[in-house]
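This briefing goes through a single protein chain topic by topic, for use alongside the sequence and the coordinates. Please keep both in view while reading the points that follow.

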Amino acid sequence: MNNFSFFTKVVGVTFNRSQKYIRNLSSGDILKIEREPHNPYDSNAIAVKDIDGNMLGHLSRELAEKLAPRIDAGEKVYAIVGSVTGGGSNNYGLNIKIEIY
């Protein structure tokens with residue numbers, strides 16, 4: 001198992017009051033990555049939450065399909081805020097850096 005990192009967007013950022021929490025994030029903030037094997041829409045689902053456990057969104061279905069088995073096998077996955085986009089009259093978006101150990 002190799003250590004590596006990459007950047008990705010968080011999806012579903014307009015649901016579950018996520019906008020309220022995303023607007024308060026800053027580049028470099030630590031986030032939580034949490035598997036949701038019982039998610040009714042996708043058994044590979046991986047949630048992205050802030051440090052207080054507030055839901056921000058999910059990793060894309062395609063990315064979750066690749067990462068879920070690795071997380072389930074015990075690999076450690078971390079996320080850091082890369083940037084918060086949008087705002088004003090637009091919804092906020094969230095770009096993150098994923099690190100896998």
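This is a predicted model: local features need pLDDT of at least 70, side-chain atom pairs count only at pLDDT 80 or more; totals for chains, interfaces and linings use all residues.

A residue is called buried here when its relative accessible area is under 20%, exposed when that value is over 50%, and partly exposed in between. By that cut-off K49, at 14% relative accessibility, counts as buried.

**The nonpolar core**

- The largest nonpolar core comprises 23 residues, and L31, L94 and I96 are those with the most contacts inside it.
- At least two residues of this core come from each of α1, β2 (30–35), β3 (46–49), α2 (61–72), β5 and β6, and α2 gives the most, with 5 residues.

**Salt bridges**

- How many salt bridges does the model contain? The count comes to 5, and three of them are described in the points below.
- E34 and K49 form a salt bridge in which the closest N and O atoms are 2.8 Å apart; the pair links distant parts of the chain, with E34 in strand β2 and K49 in strand β3, 15 residues apart.
- Of these two partners, E34 is partly exposed, with a relative accessible area of 35%, whereas K49 is buried at 14%.
- A salt bridge also joins the side chains of R35 and D72, at 2.9 Å from N to O; since R35 lies in strand β2 and D72 in helix α2, the pair ties together parts that are 37 residues apart in sequence.
- R35 counts as buried, at 16% relative accessibility, while D72 is exposed, with a relative accessible area of 53%.
- The side chains of E99 and K97 meet in a further salt bridge, at 3.5 Å from N to O; here E99 counts as buried at 15% relative accessibility, and K97 is partly exposed at 26%.

**Aromatic pairs**

- A pair of aromatic rings is described by the distance of the centres and the angle of the planes, and a search of the whole structure finds 2 such pairs.
- The rings of F4 and F6 have their centres 5.9 Å apart and their planes at 25°, so this pair is stacked; F4 itself is partly exposed, with a relative accessible area of 34%.
- The rings of Y78 and Y101 have centres 5.7 Å apart and planes at 65°, so this pair is edge-to-face.
- Because Y78 lies in strand β5 (77–86) and Y101 in the segment after β6 (92–100), the pair ties together parts that are 23 residues apart in sequence.
- Y78 counts as partly exposed, at 42% relative accessibility, and Y101 is partly exposed too, with a relative accessible area of 48%.

**Positive phi angles in a loop**

- Which residues other than glycine have a positive phi value? Among them are N16, with phi near 55°, and R17, with phi near 60°.
- N16 lies in the loop between β1 (4–9) and α1 (18–22), and R17 is likewise found in the loop between β1 and α1.
- N16 is exposed, with a relative accessible area of 56%, and R17 counts as exposed at 55% relative accessibility.

Terms used:
Residues are numbered from 1 along each chain as its sequence is written. Side-chain values use heavy atoms; hydrogens and water are left out. Rings of Phe, Tyr and Trp (its six-membered ring) pair if their centres lie within 6.5 Å; planes under 30 degrees apart count as stacked, over 60 as edge-to-face and the rest as tilted. Buried means under 20% relative accessible area, exposed over 50%, partly exposed in between (1.4 Å probe, protein chains only). Helices (H or I, at least four residues) and strands (E, at least two) are DSSP runs, numbered from the N terminus. A nonpolar core is a set of buried Ala, Val, Leu, Ile, Met, Phe, Trp, Tyr and Cys residues joined through side-chain atoms within 4.5 Å. A salt bridge is a side-chain nitrogen of Lys or Arg within 4 Å of a carboxyl oxygen of Asp or Glu.
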